[in-house]
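I opened this entry to keep a record of what I looked up. The notes follow the order in which I checked things.

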Amino acid sequence: MNLILDEISKKNSKVFKVFFDKNYLSLVQYANRYLFDKDSSEDIVQEVFIYIWENAGKLKIKTSLRGYLFTMVRNRCFNYLKSIKITDNYEFLEFNINLITEHVFDSNTEEDKKVIYHQILKIVDSLPEKMQQIVKLKFLHNYTYSEIANELGISINTVKTQLKRAKAKITELVTSILILLQINQ
C-alpha cells in the first residue's frame, strides 16, 4: 500500500493535511477546466478528499496516488456534467459532418466537388483561430477529443463546444453553397 494512504487509513491528520495542501489547488484548477465553475470544482475536489479520508484503507491503487486523484476528479466532473444534463453529443456532430460530406461527394460533378471542397476550406479558415485549430486537429489529423484538449491546454468540454459551434457554421454555409450549385444547374 502507498505510505501516504497507509497513514491516512490510520487517521493521521497531519499526513492528510500535507497531502491535501500539496494537491488541493492543482486539483481545483484541473476540475475547473471541465466545469468552468470554481465553486463546483472546489466541491468536487473536497468530496474526493473526503472519500480518500474515509476509504483510504479500502483503496487499491495500481498507479500513482496523484494520478488516481486526478482520475477521480475527472470522473466526478463528468458525473456532475451529466447530472446537469450536459452530455456528449459529438457522435451527432460527426454524423452530420459525415452526412454533409457524403451528400456533397455523392451528388455533384467533379467541378462542383472542387468548388465545395475549397469553400469548406475557406469556411474553416474563416473560423476564429482556436475553433479553426480544433476543427483541423479533429477532422484533418483525426485527433481524439482528449488529444485535442491536451494539445491546446483546454478542457474536453471546450473542444466539444467549439466543434459543435463550428459544425453549425459549416453546415449553414455548405447548405447555402449546395443551394447555389443546384440553382445554377
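**Whole chain**

I noted at the outset that this is a predicted model. I counted the secondary structure and got 9 helices and 0 strands. Read from the N terminus, the order of elements is α-α-α-α-α-α-α-α-α. I then looked at burial: of the 185 residues in the protein, 36% are buried. I also checked how far along the sequence the contacts reach. Taking contacts between residues at least 6 apart in sequence, I found that 66% join residues at least 24 apart.

**H2 and H4**

For a helix pair I looked up two quantities, since two packed helices are described by the angle between their axes and the distance between the axes. I took helix H2, residues 13-35, and helix H4, residues 65-83; their axes come within 10 Å and cross at roughly 35 degrees. The crossing of H2 and H4 is right-handed. On the H2 side I listed Phe19, Asn23, Ser26, Leu27, Tyr30, Ala31, Tyr34 and Leu35 as making the contact. On the H4 side the contact is made by Leu65, Arg66, Leu69, Phe70, Val73, Arg74, Cys77, Phe78, Tyr80 and Leu81. Sorted by class, the residues of the H2 contact with H4 are 14 nonpolar, 2 polar and 2 charged.

**H7 and H8**

I repeated the check for helix H7 (residues 129-139) and helix H8 (residues 145-152). Their axes come within 10 Å and cross at roughly 135 degrees. H7 is therefore oblique to H8. The crossing in which H7 passes H8 is right-handed. From H7 I recorded Lys130, Gln133, Ile134, Leu137 and Lys138, which meet Tyr145, Ile148, Glu151 and Leu152 in H8. The contact of H7 with H8 has 5 nonpolar, 1 polar and 3 charged residues.

**Ser40**

I looked next at serine 40, which sits in helix H3, residues 38-55. Is serine 40 buried or exposed? Its relative accessible area is 11%, so serine 40 is buried. With neighbours within four places in sequence left aside, serine 40 is in contact with Leu35 and Tyr80. I found a polar contact between the side chains of serine 40 and tyrosine 80, at 3.2 Å.

**Gln132**

I moved on to glutamine 132, which is in helix H7. Glutamine 132 has 17% relative accessibility and therefore counts as buried, the cut-off being under 20%. Which residues does glutamine 132 touch, not counting residues up to four places away in sequence? I listed Val124, Asp125, Ser126 and Leu127. For valine 124 I have a distance as well: a polar atom of the glutamine 132 side chain lies 3.5 Å from the backbone oxygen of valine 124.

**Asn2**

I ended with asparagine 2, in the segment before helix H1 (3-9). Asparagine 2 counts as partly exposed because its relative accessibility is 29%. Its side chain reaches the backbone nitrogen of isoleucine 4 at 2.7 Å. I also looked up asparagine 2 against leucine 59, which is 57 residues away along the chain; the C-alpha atoms of the two are separated by 9.7 Å.

How values were computed
Residues numbered from 1 in each chain as written. Predicted model: local features only at pLDDT ≥ 70, side-chain atom pairs only at ≥ 80, totals over all residues. Heavy atoms only, no water. Axes fitted to C-alpha atoms, helices over the stretch in contact; angles between N-to-C directions. Helix = DSSP H or I, 4+ residues; strand = E, 2+ residues; numbered from the N terminus. Parallel < 35°, antiparallel > 145°, perpendicular 65-115°, else oblique. Left-handed = near helix turned anticlockwise from the far one by under 90°. Contact = heavy atoms within 4.5 Å. Nonpolar A, V, L, I, M, F, W, Y, C, P; charged D, E, K, R; others polar. Buried < 20%, exposed > 50% of the residue type's maximum accessible area, 1.4 Å probe, protein only. Polar contact = N/O pair within 3.5 Å; in protein donor to acceptor, adjacent residues only side chain to side chain.
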